[in-house]
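Here is a protein model to explore through questions and answers.

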Amino acid sequence: VVAVEERVKQLAAVASESEEHRGQIRTELAQLEAKAHKLECEGVDNVYTGELESGKAEAKDVKRVLLSRLEQIFEVVDQTFKQLKAEEKAAA
């Protein structure tokens with residue numbers, strides 16, 4: 001999750017600065033978004049805490065934090081896509 005978070009932040013920061021690389025930024029953002037969705041589905045949502053005896057509360061807390069971080073990633077990706085689209089319209 002950390003690597004995806006960091007790269008999404010980096011791309012969001014340079015999205016408006018790099019007109020000639022918009023296509024590459026859009027492609028990489030889409031790939032990172034897909035990777036984040038895969039982490040969410042296979043890495044976080046697949047962890048079931050119902051049968052745990054010890055550590056159940058801690059596991060739920062970690063799961064909640066990870067889901068929140070993934071949601072933030074999705075928000076940054078969406079905002080960056082909107083920003084890129086607006087800049088492309090303005091340039092046309």
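This is a predicted model: local features need pLDDT of at least 70, side-chain atom pairs count only at pLDDT 80 or more; totals for chains, interfaces and linings use all residues.

**Helices and their contacts**

Q: Is E87 buried or exposed?
A: A residue counts as buried when its relative accessible area is under 20%. For E87 the relative accessible area is 19%, and, leaving aside residues up to four places away in sequence, E87 touches A15, S16 and R22. Because 19% falls under that cut-off, E87 is buried.

Q: Which residues does T80 touch, not counting residues up to four places away in sequence?
A: T80 is also a residue to look up in a helix, and that helix is α3. With a relative accessible area of 3%, T80 is buried. Not counting residues up to four places away in sequence, the residues that T80 touches are A12, A15 and L29.

Q: Are α1 and α3 roughly parallel or roughly antiparallel to each other?
A: The two helices pack at an angle of about 20°, and their axes are 10 Å apart. The contact is made on one side by V2, V4, E5, V8 and A12 of α1, and on the other by R69, I73, V76, V77, T80 and Q83 of α3. Since angles under 35 degrees count as roughly parallel, the arrangement of α1 and α3 is therefore roughly parallel.

Q: In what kind of crossing, left-handed or right-handed, does α1 pass α3?
A: Besides the angle of about 20° at which α1 and α3 pack, their crossing has a hand. The crossing in which α1 passes α3 is left-handed.

Q: Which residues does I73 touch, not counting residues up to four places away in sequence?
A: With residues up to four places away in sequence not counted, I73 touches V1, V4, E5, V8 and A36.

Q: What covers the buried residues of α2?
A: Helix α2, residues 22–44, has 23 residues and reaches 31 Å from its first C-alpha to its last, close to the 33 Å expected. Its buried residues are R22, I25, L29, L32, E33, A36, E40 and V44. What covers these buried residues includes α1 (2–14) and α3 (56–91).

Conventions: Residues are numbered from 1 along each chain as its sequence is written. Side-chain values use heavy atoms; hydrogens and water are left out. Helices (H or I, at least four residues) and strands (E, at least two) are DSSP runs, numbered from the N terminus. The expected span of a helix is 1.5 Å times one less than its number of residues. Buried means under 20% relative accessible area, exposed over 50%, partly exposed in between (1.4 Å probe, protein chains only). Contact means heavy atoms within 4.5 Å. Axes are lines fitted to C-alpha atoms, for helices over the stretch in contact, and angles run from 0 to 180 degrees between N-to-C directions. Angles under 35 degrees count as roughly parallel, over 145 as roughly antiparallel, 65 to 115 as roughly perpendicular and the rest as oblique. A crossing is left-handed if the near helix is turned anticlockwise from the far one by less than a right angle, and right-handed if clockwise.
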